[in-house]
Amino acid sequence: MEKVKASVVILTKNEIDVIDRAVRSADDFDQVIVVDSASTDGTELAAKAAGAECFQFDWDHAYPKKKEWAQNLPQLRNDWVVFLDAEEAI
């Protein structure tokens, strides 16, 4: 089965308990990216183990904020982007 030509972006900070489920729920999509904010609980490692690409975002309390920053990642390879909270699943 061909994957959906869209990128799923999951925004995280200390989401170790739910990140595996969120990433794996997006298996049918061409790309899964986790944008993390310096998690200290192993979220990034768990996301990578589940198959996601991971990028760190350090907000300086100015613009862009995390979601806007993620939309402009040069690593996004699809025109369509689905944002997912770590507590959600597709």
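Mentor: Let's begin with the surface: the protein's accessible surface comes to about 5500 Å², and carbon and sulfur atoms hold 50% of it. Keep in mind that this is a predicted model.

Trainee: What makes up the secondary structure of the protein?

Mentor: There are three helices and four strands. Along the sequence the pattern is β-α-β-α-β-α-β.

Trainee: And what makes the protein as compact as a globular protein of that length?

Mentor: Set the value against the rule. The radius of gyration is 12 Å, and the globule rule gives 12 Å for 90 residues, so the protein is as compact as a globular protein of that length. As for its outline, the C-alpha atoms fill a box of roughly 40 × 30 × 20 Å along the principal axes.

Trainee: How much of the protein is buried?

Mentor: Buried residues account for 40% of the 90 residues.

Trainee: Which residues is Ala-52 in contact with, leaving aside neighbours within four places in sequence?

Mentor: They are Val-23, Val-32, Val-34 and Ala-47. For a sense of distance, Val-35 is 17 residues from Ala-52 in sequence, and their C-alpha atoms are 9.8 Å apart in space.

Trainee: Which members of the largest nonpolar core touch the most other members?

Mentor: That core has 17 residues, and the ones touching the most other members are Ile-10, Ile-19, Val-23, Val-34 and Ala-47. Strand S1 (4-12), helix H1 (19-25), strand S2 (29-36) and H2 are the elements that give two or more residues to this core. There is also a second, separate core of eight residues, with Ile-33, Phe-55, Phe-57 and Leu-73 among them.

Trainee: What does Val-23 touch, not counting residues up to four places away in sequence?

Mentor: Val-23 touches Ile-10, Val-32, Val-34, Ala-47, Ala-50, Gly-51 and Ala-52.

Trainee: Now Trp-80. How do you know whether Trp-80 is buried or exposed?

Mentor: Exposed means over 50% relative accessible area. Trp-80 is at 66% relative accessibility, so Trp-80 counts as exposed. This residue is in the loop between helix H3 (66-71) and strand S4 (81-85). Residues up to four places away aside, Trp-80 touches Lys-5, Ala-6 and Ser-7.

Trainee: How do you know where Asp-27 falls on that scale?

Mentor: Asp-27 has a relative accessible area of 41%, so Asp-27 is partly exposed. Asp-27 has its place in the loop between H1 and S2. Trp-80 and Asp-27 are 53 residues apart in sequence, with 16 Å between their C-alpha atoms. From Asp-27 to Val-4 there are 23 residues along the chain, and their C-alpha atoms are separated by 9.3 Å.

Trainee: What is noted about the backbone phi of Asn-14?

Mentor: Asn-14 is not a glycine, although its phi is positive at about 50°. Ala-38 also has a positive phi, near 55°, and is a residue other than glycine. Asn-14 sits in the loop between S1 and H1, while Ala-38 lies in the loop between S2 and H2.

Trainee: Which residues does Asn-14 touch beyond four places in sequence?

Mentor: Asn-14 touches Asp-36, Ser-39, Thr-40, Asp-41 and Thr-43. Glu-44 is 30 residues from Asn-14 along the chain, and their C-alpha atoms are separated by 8.8 Å.

Trainee: One last item: how many positive and negative side chains does the protein have?

Mentor: The protein has 10 positive and 18 negative side chains. The centres of the two sets lie 1 Å apart.

Key: Residues numbered from 1 in each chain as written. Predicted model: local features only at pLDDT ≥ 70, side-chain atom pairs only at ≥ 80, totals over all residues. Heavy atoms only, no water. Rg over C-alpha atoms; globule rule 2.2 N^0.38 Å. Buried < 20%, exposed > 50% of the residue type's maximum accessible area, 1.4 Å probe, protein only. Areas by Shrake-Rupley, 256 points an atom, 1.4 Å probe, with all protein chains shown as cover. Lys, Arg positive; Asp, Glu negative; His and termini not counted. Charge placed at Lys NZ, Arg CZ, Asp CG, Glu CD. Contact = heavy atoms within 4.5 Å. Core = buried A, V, L, I, M, F, W, Y, C linked by side-chain atoms within 4.5 Å.
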